[in-house]
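Here are a few friendly notes to go with the structure. I start with the contact between the chains, then turn to each chain and to one residue.

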Amino acid sequence: MVVLKLVLIGVLAGFFGALFGVGGGVVLVPLLVVAAGLDQRRASATSLAAILIASIAGVATYALHGQVKPGAAAIVGVPAVLGVLIGTALQQRVPFRRLSYGFAVLLAVVGARLVA
Amino acid sequence: MTVALVALIGLLAGVLAGVFGVGGGILFVPALALGLGLTQLHAEAASLLAILPTAVVGSWRQQRYGNIDLRAALIVGIAAIGGVQGGVILAVSLPESLLRRLFGALLLLTAVHVGWRARHGS
């Protein structure tokens, strides 16, 4: 029955990821922990690999609808590779909790601007 | 100048993704929409493409550490392809302003999630 759960998780994550243009790790990681019984670290890593497949499918599907702008993607996507390497290295050394509140405030401010 | 600023946000999004494991995409989309003036739909499509290099590098490193449950990743990933079709069809058919508002709501929910996780420590 774990297979069926994984299929449902995949369909759900693919739907929301494509609808909003995000990887969907926010929902994927907890679902993999709760429904598939993976530990946090394996869930994060596994979600990343699944997101890779889902994002390729998402780009291909948006491209069929003529919506993909590769130049714009490169402007954020290329620096982000460097950023993620820095972030992973920093992960163990930063004051996680205080940074989390800062990140949450940032998301809330941008979110409020888009909703209004 | 704006392009340099948006690239800097891309770098920051990568750092935050590395630290929190919460994707770059959630910051790529507003950076592209508000910073470069893309439509919400174009920003979302470009964001999915921008996620790829990071996901490739991240998956490669995690694979070397032996952290990926390959069977689970394949089942979830392949099933996701079906969900993706529905998500894209809905995104292209929704009015631009509604799609943007829904994305804003997603950001607010993620803010609550990140704050809650910090408070309850995990």
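1. The contact draws 80 residues from chain A and 85 residues from chain B; two residues are in contact if their C-beta atoms, placed from the backbone, lie within 7 Å. On the side of chain A that touches chain B, the elements giving two or more residues are α1 (2-20), α2 (25-36), α3 (40-64), α4 (70-90) and α5 (96-115) of chain A. Of these, α3(A) gives the most, with 19 residues. Helices here are DSSP runs (H or I, at least four residues) and strands are runs of E of at least two, numbered from the N terminus.

2. By residue class, that side of chain A divides into 56 nonpolar, 20 polar and 4 charged. Ala, Val, Leu, Ile, Met, Phe, Trp, Tyr, Cys and Pro count as nonpolar, Asp, Glu, Lys and Arg as charged, and the others, Gly among them, as polar.

3. A word on the source: this is a predicted model, in which local features need pLDDT of at least 70 and side-chain atom pairs count only at pLDDT 80 or more, while totals for chains, interfaces and linings use all residues. Residues are numbered from 1 along each chain as its sequence is written, and chains are lettered from A and ligands numbered from 1 in the order in which they are written.

4. Chain A has 5 helices and 0 strands, and its C-alpha trace spans about 40 × 40 × 30 Å along the principal axes. An automatic or database domain assignment gives domain 1 (1-68) and domain 2 (70-116) of chain A. The centres of these two domains, taken over C-alpha atoms, are 19 Å apart.

5. Chain B also reads α-α-α-α-α from the N terminus on, with 5 helices and 0 strands. Its C-alpha trace spans about 40 × 35 × 30 Å along the principal axes, and buried residues make up 53% of its 122 residues. Among contacts in chain B with a separation of 6 or more, 52% join residues 24 or more positions apart.

6. Do have a look at G25(B), which lies in helix α2 (residues 25-35) of chain B. G25(B) counts as buried because it has 28 C-beta neighbours inside 10 Å. Leaving out residues up to four places away in sequence, G25(B) touches G21(A), V22(A) and G23(A), as well as S47(B) and I51(B).

Methods:
Buried ≥ 20, exposed ≤ 12 C-beta atoms within 10 Å, placed from the backbone.
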